[in-house]
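Trainee: I'm new to this one. Can you put it up and walk me through it?
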Amino acid sequence: MKMHKKSQSSMEFFTLVGLAFLATILFAAITVNEVREFSDQKEFLMIKDLALRLQKEVAIAASVEDGYERRFTLEDKLEDKIDYFVIVTNSSINVNSSKTAFSVRIPLIYGKNFTNGSNKVEKINGRIYVNR
């Protein structure tokens, strides 16, 4: 009878250890998924912030008088890890990464796209130029 109690205790112990291990694996899987969602949301907010900053640069140029000129720098990667690119159409700025995109409306501009590195916005004869 003593042997039976020892083996029953061993089985209960291993069952509890197995359940604890399973709970740990489930917790880790849920946590990894939450971290991934948080990372994706953070990337979207960074892309959105960049688009809104560029929109503000163009809006300022549109609201001031001729002769306005401003130089600024766009980082190569957002937080040194997120690659992105900017596409300017006649009336919108689109900022894209591999996972997300954000678009904002702007006044009509002339010139080229915003680029990583040095950029210049200027207003000449009522027209807004980017990297002319």
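Trainee: Which residues does Glu43 touch, not counting residues up to four places away in sequence?
Mentor: Glu43 touches Ile82, Ser97, Ser98, Lys99 and Thr100. Contact means heavy atoms within 4.5 Å. Before we go on, this is a predicted model: local features need pLDDT of at least 70, side-chain atom pairs count only at pLDDT 80 or more, and totals for chains, interfaces and linings use all residues. Residues are numbered from 1 along each chain as its sequence is written, and side-chain values use heavy atoms, leaving out hydrogens and water.

Trainee: Where does Glu43 lie?
Mentor: In helix α1, which spans residues 2-63. Helices (H or I, at least four residues) and strands (E, at least two) are DSSP runs, numbered from the N terminus.

Trainee: Is Glu43 buried or exposed?
Mentor: Buried, yet without a salt bridge. Buried means under 20% relative accessible area, exposed over 50%, partly exposed in between (1.4 Å probe, protein chains only). A salt bridge needs a side-chain nitrogen of Lys or Arg within 4 Å of a carboxyl oxygen of Asp or Glu. For Glu43, the nearest side chain of opposite charge is Lys99, 4.3 Å away.

Trainee: How many salt bridges does the count come to?
Mentor: Nine. Lys42 pairs with Glu79, their closest N and O atoms 3.0 Å apart. Lys42 sits in helix α1 and Glu79 in the loop between β1 and β2, so this bridge ties together parts 37 residues apart in sequence.

Trainee: What does Arg70 form a salt bridge with?
Mentor: Glu57, at 2.9 Å between the closest N and O atoms. Arg70 is partly exposed at 35% relative accessibility, while Glu57 is buried at 11%.

Trainee: Which residues are linked in a network of salt bridges?
Mentor: Asp49, Arg53 and Glu75.

Trainee: New topic. How many residues has the largest nonpolar core?
Mentor: It has 25. Such a core is a set of buried Ala, Val, Leu, Ile, Met, Phe, Trp, Tyr and Cys residues joined through side-chain atoms within 4.5 Å. Leu54, Tyr84, Val86, Ile93, Val95 and Phe114 have the most contacts inside this core.

Trainee: Which element gives the largest share of this core?
Mentor: Helix α1, with seven residues.

Trainee: What is Val95 in contact with, leaving aside its neighbours within four places in sequence?
Mentor: Its partners include Ile47, Leu50, Ala51 and Leu54. Tyr84, Phe85 and Val86 are also among them.

Notes: Lys, Arg positive; Asp, Glu negative; His and termini not counted.
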